[in-house]
Amino acid sequence: MLKISVAGIVFEIEHTYPHIAAQCASYLCDGEPSHTVRVTPEMILREKQAATGEVSDGYCESLAAYREISRYLARHDALLLHSAVIEVNGRAIAFSARSGTGKSTHIRLWKRVLGDCVRIVNGDKPIIRFRNDGTPIAYGTPWAGKEGWQRNVGVPLQSIVILRRGETDRILPLSKEEAALELLGQILIGETEGEAAATMEMLDRLIASVDLRVLYCTPTEEAARVACRALLENKE
Amino acid sequence: MKLKYGFVVREVGGRSVAVAIGARGADTPSMITLNDSGKVIWQALGRETSVDEIVDRLMAEFDVSREVAEIDVIKFLDTLRSGGLLIE
(Lines give C-alpha, C1' and ligand atoms only; values in the text may rest on other atoms or scores of the structure.)
Protein backbone atom coordinates (compact mmCIF):
# COMPACT_ATOMS: atom_id res chain seq x y z
CA MET A 1 0.00 0.00 0.00
CA LEU A 2 1.25 3.40 -1.02
CA LYS A 3 0.07 6.70 0.43
CA ILE A 4 0.81 9.87 -1.52
CA SER A 5 -0.19 13.51 -1.49
CA VAL A 6 -0.61 15.13 -4.91
CA ALA A 7 -1.94 18.66 -5.31
CA GLY A 8 -2.70 18.56 -1.58
CA ILE A 9 -5.02 15.55 -1.94
CA VAL A 10 -4.11 12.29 -0.19
CA PHE A 11 -4.54 9.06 -2.14
CA GLU A 12 -3.97 5.51 -1.02
CA ILE A 13 -2.90 3.25 -3.89
CA GLU A 14 -3.10 -0.53 -3.83
CA HIS A 15 -0.45 -1.75 -6.24
CA THR A 16 1.36 -4.91 -7.33
CA TYR A 17 4.51 -3.74 -9.10
CA PRO A 18 7.40 -1.69 -7.66
CA HIS A 19 7.41 0.83 -10.54
CA ILE A 20 4.80 3.17 -9.07
CA ALA A 21 6.37 3.16 -5.59
CA ALA A 22 9.71 4.32 -6.98
CA GLN A 23 7.99 6.91 -9.13
CA CYS A 24 6.06 8.36 -6.17
CA ALA A 25 9.04 8.48 -3.79
CA SER A 26 8.96 12.25 -3.28
CA TYR A 27 5.16 12.35 -2.78
CA LEU A 28 4.80 9.89 0.13
CA CYS A 29 2.80 11.11 3.09
CA ASP A 30 1.11 10.03 6.32
CA GLY A 31 -2.23 11.82 6.16
CA GLU A 32 -5.71 10.37 6.15
CA PRO A 33 -6.47 9.37 2.53
CA SER A 34 -9.42 11.02 0.75
CA HIS A 35 -9.59 8.21 -1.81
CA THR A 36 -8.36 4.67 -2.29
CA VAL A 37 -7.26 3.68 -5.77
CA ARG A 38 -7.25 0.03 -6.80
CA VAL A 39 -5.74 -0.97 -10.13
CA THR A 40 -7.20 -4.15 -11.57
CA PRO A 41 -5.53 -6.43 -14.16
CA GLU A 42 -8.19 -5.23 -16.65
CA MET A 43 -7.10 -1.62 -16.19
CA ILE A 44 -3.46 -2.60 -16.74
CA LEU A 45 -4.41 -4.45 -19.91
CA ARG A 46 -6.34 -1.46 -21.15
CA GLU A 47 -3.33 0.84 -20.76
CA LYS A 48 -1.16 -1.72 -22.48
CA GLN A 49 -3.48 -1.86 -25.47
CA ALA A 50 -3.61 1.93 -25.71
CA ALA A 51 0.18 2.31 -25.47
CA THR A 52 2.48 2.66 -28.43
CA GLY A 53 5.42 0.26 -28.35
CA GLU A 54 6.61 -2.11 -25.65
CA VAL A 55 5.63 -1.11 -22.11
CA SER A 56 5.97 -2.97 -18.80
CA ASP A 57 3.06 -4.04 -16.58
CA GLY A 58 4.45 -1.84 -13.80
CA TYR A 59 4.43 1.19 -16.08
CA CYS A 60 0.86 0.45 -17.18
CA GLU A 61 -0.22 -0.05 -13.58
CA SER A 62 1.11 3.41 -12.78
CA LEU A 63 -0.69 5.00 -15.75
CA ALA A 64 -3.92 3.27 -14.74
CA ALA A 65 -3.53 4.51 -11.17
CA TYR A 66 -3.16 8.09 -12.40
CA ARG A 67 -6.19 7.72 -14.65
CA GLU A 68 -8.17 6.59 -11.60
CA ILE A 69 -6.80 9.49 -9.54
CA SER A 70 -7.85 11.94 -12.27
CA ARG A 71 -11.47 10.80 -11.90
CA TYR A 72 -11.57 12.18 -8.34
CA LEU A 73 -9.98 15.54 -9.09
CA ALA A 74 -13.06 17.59 -10.00
CA ARG A 75 -14.43 16.96 -6.48
CA HIS A 76 -11.40 18.81 -5.19
CA ASP A 77 -11.66 21.74 -7.64
CA ALA A 78 -8.88 20.25 -9.73
CA LEU A 79 -8.16 18.71 -13.09
CA LEU A 80 -5.34 17.01 -14.95
CA LEU A 81 -4.09 19.15 -17.83
CA HIS A 82 -1.76 17.44 -20.29
CA SER A 83 0.92 20.13 -20.59
CA ALA A 84 4.46 21.09 -19.65
CA VAL A 85 4.59 23.60 -16.81
CA ILE A 86 7.53 25.81 -15.89
CA GLU A 87 8.01 28.26 -13.05
CA VAL A 88 9.54 31.69 -13.59
CA ASN A 89 9.66 34.34 -10.82
CA GLY A 90 7.11 32.45 -8.74
CA ARG A 91 4.56 32.15 -11.53
CA ALA A 92 3.73 29.11 -13.63
CA ILE A 93 3.29 28.93 -17.39
CA ALA A 94 1.68 25.85 -18.94
CA PHE A 95 2.56 24.88 -22.51
CA SER A 96 0.00 22.67 -24.16
CA ALA A 97 0.20 21.03 -27.57
CA ARG A 98 -0.58 17.85 -29.39
CA SER A 99 2.06 15.18 -28.81
CA GLY A 100 5.12 15.65 -30.96
CA THR A 101 4.78 19.43 -31.40
CA GLY A 102 7.84 20.07 -29.27
CA LYS A 103 6.85 21.02 -25.71
CA SER A 104 10.02 19.55 -24.21
CA THR A 105 12.18 21.18 -26.87
CA HIS A 106 10.58 24.55 -26.20
CA ILE A 107 11.14 24.26 -22.46
CA ARG A 108 14.79 23.41 -23.01
CA LEU A 109 15.04 26.63 -25.02
CA TRP A 110 13.62 28.64 -22.09
CA LYS A 111 16.25 27.08 -19.84
CA ARG A 112 18.95 28.02 -22.30
CA VAL A 113 17.74 31.63 -22.60
CA LEU A 114 16.83 32.33 -18.95
CA GLY A 115 19.05 29.79 -17.15
CA ASP A 116 18.27 29.01 -13.51
CA CYS A 117 15.32 31.45 -13.38
CA VAL A 118 13.37 28.70 -15.12
CA ARG A 119 12.39 25.67 -13.05
CA ILE A 120 10.21 22.81 -14.18
CA VAL A 121 7.00 22.04 -12.29
CA ASN A 122 5.94 19.06 -14.41
CA GLY A 123 6.91 18.08 -17.93
CA ASP A 124 3.76 16.24 -18.97
CA LYS A 125 0.83 15.68 -16.61
CA PRO A 126 0.48 18.35 -13.92
CA ILE A 127 -2.67 18.89 -11.87
CA ILE A 128 -4.27 22.33 -11.78
CA ARG A 129 -6.24 22.98 -8.60
CA PHE A 130 -8.16 26.09 -7.61
CA ARG A 131 -7.18 27.65 -4.32
CA ASN A 132 -10.07 28.88 -2.12
CA ASP A 133 -9.61 32.41 -3.47
CA GLY A 134 -10.09 31.09 -7.02
CA THR A 135 -6.42 31.23 -8.08
CA PRO A 136 -5.45 28.20 -10.17
CA ILE A 137 -2.32 26.51 -8.84
CA ALA A 138 -0.20 24.22 -11.02
CA TYR A 139 1.09 21.22 -9.09
CA GLY A 140 3.90 18.84 -9.87
CA THR A 141 2.93 15.16 -9.89
CA PRO A 142 4.92 11.89 -10.09
CA TRP A 143 3.61 11.44 -13.65
CA ALA A 144 5.84 13.54 -15.84
CA GLY A 145 6.43 11.92 -19.22
CA LYS A 146 9.52 10.23 -20.54
CA GLU A 147 11.90 12.94 -19.31
CA GLY A 148 10.55 12.55 -15.76
CA TRP A 149 10.76 16.32 -15.22
CA GLN A 150 8.84 17.14 -12.06
CA ARG A 151 9.06 18.75 -8.66
CA ASN A 152 6.64 18.37 -5.76
CA VAL A 153 5.56 22.02 -5.71
CA GLY A 154 2.49 24.17 -6.36
CA VAL A 155 2.85 27.46 -8.25
CA PRO A 156 0.13 30.00 -9.20
CA LEU A 157 -0.68 29.55 -12.88
CA GLN A 158 -0.36 32.75 -14.89
CA SER A 159 -0.73 31.63 -18.50
CA ILE A 160 -1.67 28.72 -20.70
CA VAL A 161 0.16 28.78 -24.02
CA ILE A 162 -0.88 26.59 -26.95
CA LEU A 163 2.22 25.68 -28.96
CA ARG A 164 2.05 25.36 -32.71
CA ARG A 165 4.90 24.94 -35.10
CA GLY A 166 5.53 28.04 -37.21
CA GLU A 167 7.86 29.43 -39.85
CA THR A 168 8.51 32.45 -37.66
CA ASP A 169 8.14 33.05 -33.93
CA ARG A 170 5.11 35.02 -32.81
CA ILE A 171 2.79 34.96 -29.84
CA LEU A 172 -0.86 36.02 -30.04
CA PRO A 173 -3.78 36.22 -27.66
CA LEU A 174 -6.09 33.21 -27.76
CA SER A 175 -9.87 33.49 -27.45
CA LYS A 176 -11.66 31.50 -24.76
CA GLU A 177 -13.55 29.61 -27.47
CA GLU A 178 -10.38 28.53 -29.25
CA ALA A 179 -8.78 27.63 -25.94
CA ALA A 180 -11.77 25.45 -25.08
CA LEU A 181 -11.39 23.43 -28.27
CA GLU A 182 -7.64 23.02 -27.84
CA LEU A 183 -7.74 22.11 -24.17
CA LEU A 184 -10.68 19.69 -24.32
CA GLY A 185 -8.30 17.41 -26.17
CA GLN A 186 -5.69 17.72 -23.41
CA ILE A 187 -7.66 16.66 -20.36
CA LEU A 188 -8.89 13.33 -19.02
CA ILE A 189 -12.64 13.71 -19.16
CA GLY A 190 -13.59 10.85 -16.82
CA GLU A 191 -15.79 7.86 -17.47
CA THR A 192 -19.22 8.72 -16.14
CA GLU A 193 -21.58 11.55 -17.05
CA GLY A 194 -21.04 13.12 -13.66
CA GLU A 195 -17.26 13.03 -13.96
CA ALA A 196 -17.29 14.41 -17.51
CA ALA A 197 -19.67 17.24 -16.59
CA ALA A 198 -17.61 18.20 -13.53
CA THR A 199 -14.36 18.11 -15.53
CA MET A 200 -15.83 20.31 -18.28
CA GLU A 201 -17.03 22.80 -15.67
CA MET A 202 -13.53 22.80 -14.20
CA LEU A 203 -12.00 23.50 -17.61
CA ASP A 204 -14.47 26.34 -18.20
CA ARG A 205 -13.39 27.86 -14.89
CA LEU A 206 -9.73 27.44 -15.74
CA ILE A 207 -10.14 29.13 -19.12
CA ALA A 208 -11.83 32.08 -17.41
CA SER A 209 -9.04 32.43 -14.84
CA VAL A 210 -5.77 32.56 -16.80
CA ASP A 211 -4.02 34.49 -19.54
CA LEU A 212 -4.43 32.52 -22.81
CA ARG A 213 -1.98 32.65 -25.73
CA VAL A 214 -1.01 30.80 -28.85
CA LEU A 215 2.68 30.62 -29.74
CA TYR A 216 3.76 29.84 -33.28
CA CYS A 217 7.33 28.73 -32.83
CA THR A 218 10.49 27.48 -34.45
CA PRO A 219 12.83 25.14 -32.54
CA THR A 220 15.27 28.01 -31.90
CA GLU A 221 16.16 30.21 -28.92
CA GLU A 222 14.37 33.09 -30.64
CA ALA A 223 11.07 31.29 -29.94
CA ALA A 224 11.76 31.32 -26.21
CA ARG A 225 12.86 34.98 -26.35
CA VAL A 226 9.67 36.05 -28.15
CA ALA A 227 7.50 34.07 -25.73
CA CYS A 228 9.21 35.16 -22.57
CA ARG A 229 9.22 38.85 -23.58
CA ALA A 230 5.44 38.73 -24.08
CA LEU A 231 4.61 36.54 -21.09
CA LEU A 232 6.87 38.04 -18.44
CA GLU A 233 6.93 41.74 -19.23
CA ASN A 234 3.31 42.81 -18.97
CA LYS A 235 2.86 41.22 -15.56
CA GLU A 236 3.44 43.10 -12.34
CA MET B 1 -31.77 7.72 -36.08
CA LYS B 2 -30.26 8.70 -32.74
CA LEU B 3 -26.95 9.50 -31.08
CA LYS B 4 -24.56 6.60 -30.73
CA TYR B 5 -23.04 7.45 -27.36
CA GLY B 6 -24.05 9.13 -24.15
CA PHE B 7 -22.98 12.75 -24.23
CA VAL B 8 -22.48 15.54 -21.79
CA VAL B 9 -23.21 19.06 -23.04
CA ARG B 10 -21.65 22.00 -21.22
CA GLU B 11 -20.59 25.57 -21.91
CA VAL B 12 -16.78 25.67 -22.05
CA GLY B 13 -15.10 28.98 -22.84
CA GLY B 14 -18.41 30.42 -24.03
CA ARG B 15 -19.00 27.64 -26.50
CA SER B 16 -21.49 24.83 -26.15
CA VAL B 17 -19.63 21.53 -26.39
CA ALA B 18 -20.91 17.96 -26.43
CA VAL B 19 -18.42 15.31 -25.31
CA ALA B 20 -18.94 11.56 -25.73
CA ILE B 21 -18.54 9.52 -22.60
CA GLY B 22 -17.98 5.85 -22.09
CA ALA B 23 -15.37 5.55 -24.85
CA ARG B 24 -13.17 3.65 -22.44
CA GLY B 25 -9.44 4.06 -22.78
CA ALA B 26 -9.70 6.90 -25.27
CA ASP B 27 -7.51 9.78 -24.15
CA THR B 28 -8.95 12.20 -26.68
CA PRO B 29 -12.69 12.47 -26.23
CA SER B 30 -15.03 12.59 -29.22
CA MET B 31 -16.59 16.00 -29.15
CA ILE B 32 -18.57 18.44 -31.20
CA THR B 33 -19.33 22.11 -30.74
CA LEU B 34 -22.94 23.23 -30.98
CA ASN B 35 -24.41 26.49 -32.23
CA ASP B 36 -27.99 27.49 -31.37
CA SER B 37 -29.64 25.30 -34.00
CA GLY B 38 -27.13 22.54 -33.25
CA LYS B 39 -28.32 22.49 -29.65
CA VAL B 40 -31.93 21.94 -30.74
CA ILE B 41 -30.98 19.21 -33.22
CA TRP B 42 -28.84 17.63 -30.55
CA GLN B 43 -31.68 17.51 -28.05
CA ALA B 44 -33.95 15.94 -30.66
CA LEU B 45 -31.38 13.20 -31.30
CA GLY B 46 -31.41 12.13 -27.66
CA ARG B 47 -34.12 9.65 -28.64
CA GLU B 48 -35.06 7.88 -31.88
CA THR B 49 -36.21 10.50 -34.41
CA SER B 50 -36.30 11.41 -38.12
CA VAL B 51 -35.09 14.28 -40.31
CA ASP B 52 -38.67 15.57 -40.68
CA GLU B 53 -39.25 15.59 -36.95
CA ILE B 54 -36.03 17.49 -36.35
CA VAL B 55 -36.88 20.01 -39.08
CA ASP B 56 -40.30 20.61 -37.48
CA ARG B 57 -38.67 21.19 -34.14
CA LEU B 58 -36.18 23.64 -35.58
CA MET B 59 -38.97 25.58 -37.35
CA ALA B 60 -40.93 25.74 -34.11
CA GLU B 61 -37.91 27.01 -32.20
CA PHE B 62 -36.59 29.54 -34.71
CA ASP B 63 -38.38 31.67 -37.25
CA VAL B 64 -37.00 29.92 -40.35
CA SER B 65 -38.44 28.41 -43.53
CA ARG B 66 -38.56 24.65 -44.07
CA GLU B 67 -35.81 24.95 -46.74
CA VAL B 68 -33.41 26.72 -44.41
CA ALA B 69 -34.15 24.33 -41.54
CA GLU B 70 -33.62 21.31 -43.78
CA ILE B 71 -30.24 22.53 -44.96
CA ASP B 72 -29.22 23.12 -41.35
CA VAL B 73 -30.30 19.64 -40.24
CA ILE B 74 -28.72 17.83 -43.19
CA LYS B 75 -25.40 19.64 -42.73
CA PHE B 76 -25.36 18.91 -39.03
CA LEU B 77 -26.21 15.23 -39.52
CA ASP B 78 -23.36 14.97 -42.04
CA THR B 79 -20.95 16.27 -39.42
CA LEU B 80 -22.20 13.68 -36.93
CA ARG B 81 -21.94 10.89 -39.50
CA SER B 82 -18.36 11.77 -40.36
CA GLY B 83 -17.56 11.64 -36.65
CA GLY B 84 -19.23 8.23 -36.37
CA LEU B 85 -21.60 9.58 -33.74
CA LEU B 86 -24.92 8.55 -35.26
CA ILE B 87 -26.91 5.30 -35.30
CA GLU B 88 -29.24 5.11 -38.34
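A salt bridge (a side-chain nitrogen of Lys or Arg within 4 Å of a carboxyl oxygen of Asp or Glu) links the side chains of B:Arg15 and A:Glu177, at 3.4 Å from N to O. The count between chain A and chain B is 2 salt bridges. The model is predicted: local features need pLDDT of at least 70, side-chain atom pairs count only at pLDDT 80 or more, and totals for chains, interfaces and linings use all residues. Residues are numbered from 1 along each chain as its sequence is written, chains are lettered from A in the order in which they are written, and side-chain values use heavy atoms, without hydrogens and water.

Helices here are DSSP runs (H or I, at least four residues), and strands likewise (E, at least two), numbered from the N terminus. On the side of chain A that touches chain B, helices H2 (41-50), H5 (176-184) and H6 (193-209) each supply at least two residues. H6(A) gives the largest share, 8 residues. Contact (heavy atoms within 4.5 Å) takes in 23 residues from chain A and 18 residues from chain B. The two chains bury about 1,800 Å² between them, 62% of it on carbon and sulfur atoms. Buried area is the accessible area (1.4 Å probe) lost on being put together, summed over both parts.

Within chain A, strands E8 (residues 127-130) and E9 (residues 136-139) run antiparallel, joined by 4 bridges. Pairing requires at least two bridges found by DSSP. A:Phe130 stands opposite A:Pro136 in E9(A). The two strands form a hairpin with 5 residues between them, and A:Gly134 in the turn has a positive phi of about 90 degrees.
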